[in-house]
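Biologist: Could you walk me through this structure, slowly and in plain words?

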There are 2 protein chains.
Amino acid sequence: MRDYCIGIDLGGTFIKSALVSRDWQIVRDKQSPTPAGGGPDAVVAVMARDALELLAEQGLSHGDIVGIGIGSPGPLDLKNGIVVGMPNIPGFTMYPLRDRVSALTKLPAVLENDANAAALGEFLAGGGRDIENMVLLTLGTGVGSGIIINRRLYRGSFSQAGEVGHLLVEPEGELCGCGQRGCLERYCSATYLAQYAVRRIEAGQDGMLAQRLKAKGTINSIDVNECRKAGDALAIETWNRALRFLAMGCVSLCRLLDPDRIVIGGGMAKAGVADLLDPLKAFFVEEHWKVAPVHTELVLAELGNNAGMIGAAGVAWEKHGQ
Amino acid sequence: MRDYCIGIDLGGTFIKSALVSRDWQIVRDKQSPTPAGGGPDAVVAVMARDALELLAEQGLSHGDIVGIGIGSPGPLDLKNGIVVGMPNIPGFTMYPLRDRVSALTKLPAVLENDANAAALGEFLAGGGRDIENMVLLTLGTGVGSGIIINRRLYRGSFSQAGEVGHLLVEPEGELCGCGQRGCLERYCSATYLAQYAVRRIEAGQDGMLAQRLKAKGTINSIDVNECRKAGDALAIETWNRALRFLAMGCVSLCRLLDPDRIVIGGGMAKAGVADLLDPLKAFFVEEHWKVAPVHTELVLAELGNNAGMIGAAGVAWEKHGQ
């Protein structure tokens, strides 16, 4: 009986792998540094080794495994299992990641966008359980996201759906790395939130957050939140500005997709209910239309860094399970 | 053999009904004035009479008909077939439209949002044929829309999906009737486009469009387009501003839904390829991200006012057909 999948979350720093059961529990997992300097073959060798070690350590054989799901940064050619390119790991240009992992492990493999995998993970086992339609937003360097529609990952017609971070929220707005102006993530990701504060400080704004920047040389979203709680004016403004933009993004998601839930994850979501979720909800209600009540719930993600592995396993079930 | 559906498009001015075949052709149709002053029972009586007349005139009996689909303005309770309220026709408050039509015609009926019905119509028989994922945008008083995902109408978790006109595109933007600020439709619908020009003229802007407003007392999007073609500066600015906002909306749709096509309809789309579609495409390409090529096609709607009837018939097939 094939009762397990292996989910692999390929990142620029770590390769995280897990043996996942039919009820979406992580039975065993491991983490290895990504040998980014060794080229894609070295990376694939670690992925395959870790996957096979998970089996052996758990006393399982190939006959127990449905397949391997791989969540990877992109852009990807999902249909053919190919990494088109990968900004953080050199050498992955038109690289047949899926088939290489499959060849080395002798297991069926499937490739998925890492943000989609995380969304499926939260849907299967986290903040999106038992609903029909869900969006995951992860607040980190950018705003990652994935969409679940009718209980399935929605990939779009060209495998590019679910890029909530690149919704346009301001005409002639900030220039994004993607080439668009006014992308949502430039206003509310952890990185760009801190960048906004730095720009204000460089333009002459003083206060606790400015002093912290001077002392440390850099500030992040945690600094902003700490100074906010201590009453610093710029920190309060910076935090609220980001949450208001994020709330606008959530409203647009409701107007378009009308989901049961929007699940908020990523490093910045560690700020928690009182500091992040509750003020976000307040802005969301303010920005939300008034012609019908608020139906969509905003909740925090539950799986943290495990979402990607569980979701990658979920993709393998979807593709290779019964 | 049940080979036909009846599609009804209920509007504030006209009730349009059609007998629709399995291949989405209108076999026979009719149009009656909406007796808006007579209350909902009078409206339903006309709907039922027209539906039964379509059968009789075509020599068909009840056994030939799968059911009746009704596209209606809302808000609606789709599940229960109830009109929650209707701004343009008094008396429709918590009115069981579906069951009343069914009782009077002795045919199964189903209720659908009119914008969703139009989107399904274009998908089945118009600008969205033979694809997987599509969005219809209709440029009229506001921006109506409906979403097709995986070849099905997508309604969302609370029957409120597909409100592209209420995507937020400007922080602290124009106040919309829905209570939100910065809704897309306030920048690019036919009505609001003209309203923008009027405001500019009232603020002192002169020229051909201003003269036309003075002469006629009112201007619409056709006036703006005509004066634009004649070289009027304000008309050019007004038209391009609206199309650029619409292009931003299309880009956001691509980032979120990555559809095969975005279909543009409504009164303003009658401006056609050279005046509307081509400049819209140019703005769309400018606003679109540069990290991957443009995949989504922008096309004009093909069915005009028939889309709603055909789509309403399609909803009846979906619900009551095999």
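Biologist: Before we start, what should I keep in mind?

Modeller: This is a predicted model, in which local features need pLDDT of at least 70 and side-chain atom pairs count only at pLDDT 80 or more, while totals for chains, interfaces and linings use all residues. Residues are numbered from 1 along each chain as its sequence is written, chains are lettered from A and ligands numbered from 1 in the order in which they are written, and side-chain values use heavy atoms, with hydrogens and water left out.

Biologist: OK, how many residues of chain B are in contact with chain A?

Modeller: There are 47 residues of chain B in contact with 47 residues of chain A, where contact means heavy atoms within 4.5 Å.

Biologist: And how much area do they bury between them?

Modeller: Chain B and chain A bury about 3900 Å² between them, and 59% of it is on carbon and sulfur atoms. Buried area here is the accessible area, taken with a 1.4 Å probe, that two parts lose on being put together, summed over both.

Biologist: Which elements of chain B give two or more residues to that side?

Modeller: Those elements are β9 (143-149) and α8 (233-257) of chain B, and the largest share, ten residues, comes from α8(B). Helices (H or I, at least four residues) and strands (E, at least two) are DSSP runs, numbered from the N terminus.

Biologist: How do the residues on that side of chain B divide?

Modeller: They divide into 22 nonpolar, 15 polar and ten charged residues. In this grouping Ala, Val, Leu, Ile, Met, Phe, Trp, Tyr, Cys and Pro count as nonpolar, Asp, Glu, Lys and Arg as charged, and the others, Gly among them, as polar.

Biologist: How many salt bridges are there between chain B and chain A?

Modeller: The count between chain B and chain A is zero, a salt bridge being a side-chain nitrogen of Lys or Arg within 4 Å of a carboxyl oxygen of Asp or Glu. Over all chains, however, the structure holds 44 salt bridges.

Biologist: Can you show me one? Say, what does A:Asp275 pair with?

Modeller: A:Asp275 forms a salt bridge with A:Lys229, and their closest N and O atoms are 2.7 Å apart. This pair links distant parts of the chain, with A:Asp275 in helix α9 (residues 272-287) and A:Lys229 in helix α7 (residues 221-229) of chain A, 46 residues apart.

Biologist: Are those two buried or exposed?

Modeller: A:Asp275 counts as buried because its relative accessibility is 10%, whereas A:Lys229, at 54%, counts as exposed. Buried means under 20% relative accessible area, exposed over 50%, and partly exposed in between, using a 1.4 Å probe and protein chains only.

Biologist: And in chain B, what meets B:Asp275?

Modeller: The side chains of B:Asp275 and B:Arg228 meet in a salt bridge at 3.4 Å, N to O. B:Asp275 lies in helix α9 (residues 272-287) and B:Arg228 in helix α7 (residues 221-229) of chain B, so this pair ties together parts that are 47 residues apart in sequence. Both B:Asp275 and B:Arg228 are buried.

Biologist: What about the salt bridge of A:Glu174?

Modeller: The side chain of A:Glu174 meets that of A:Arg199 in a salt bridge at 2.6 Å, N to O. A:Glu174 counts as buried at 18% relative accessibility, while A:Arg199 counts as partly exposed at 36%.

Biologist: Changing topic, which residues touch the most other members of the largest nonpolar core?

Modeller: Of the 114 residues in that core, they are A:Leu137, A:Leu257, B:Leu137 and B:Leu257. A nonpolar core is a set of buried Ala, Val, Leu, Ile, Met, Phe, Trp, Tyr and Cys residues joined through side-chain atoms within 4.5 Å.

Biologist: What is B:Leu257 in contact with?

Modeller: Leaving aside neighbours within four places in sequence, B:Leu257 is in contact with residues including A:Tyr154, A:Leu256, A:Leu257, B:Val135 and B:Ile147.

Biologist: Last topic, the backbone: where is there a cis peptide bond?

Modeller: The bond from A:Gly74 to A:Pro75 is cis, with omega near 10 degrees, and the bond from B:Gly74 to B:Pro75 is cis with omega near 10 degrees as well. A:Pro75 lies in the loop between β4 (65-72) and β5 (76-77) of chain A.

Biologist: And what is the phi of B:Glu172?

Modeller: B:Glu172 has a positive phi of about 55 degrees although it is not a glycine, and B:Glu172 counts as exposed, at 61% relative accessibility.
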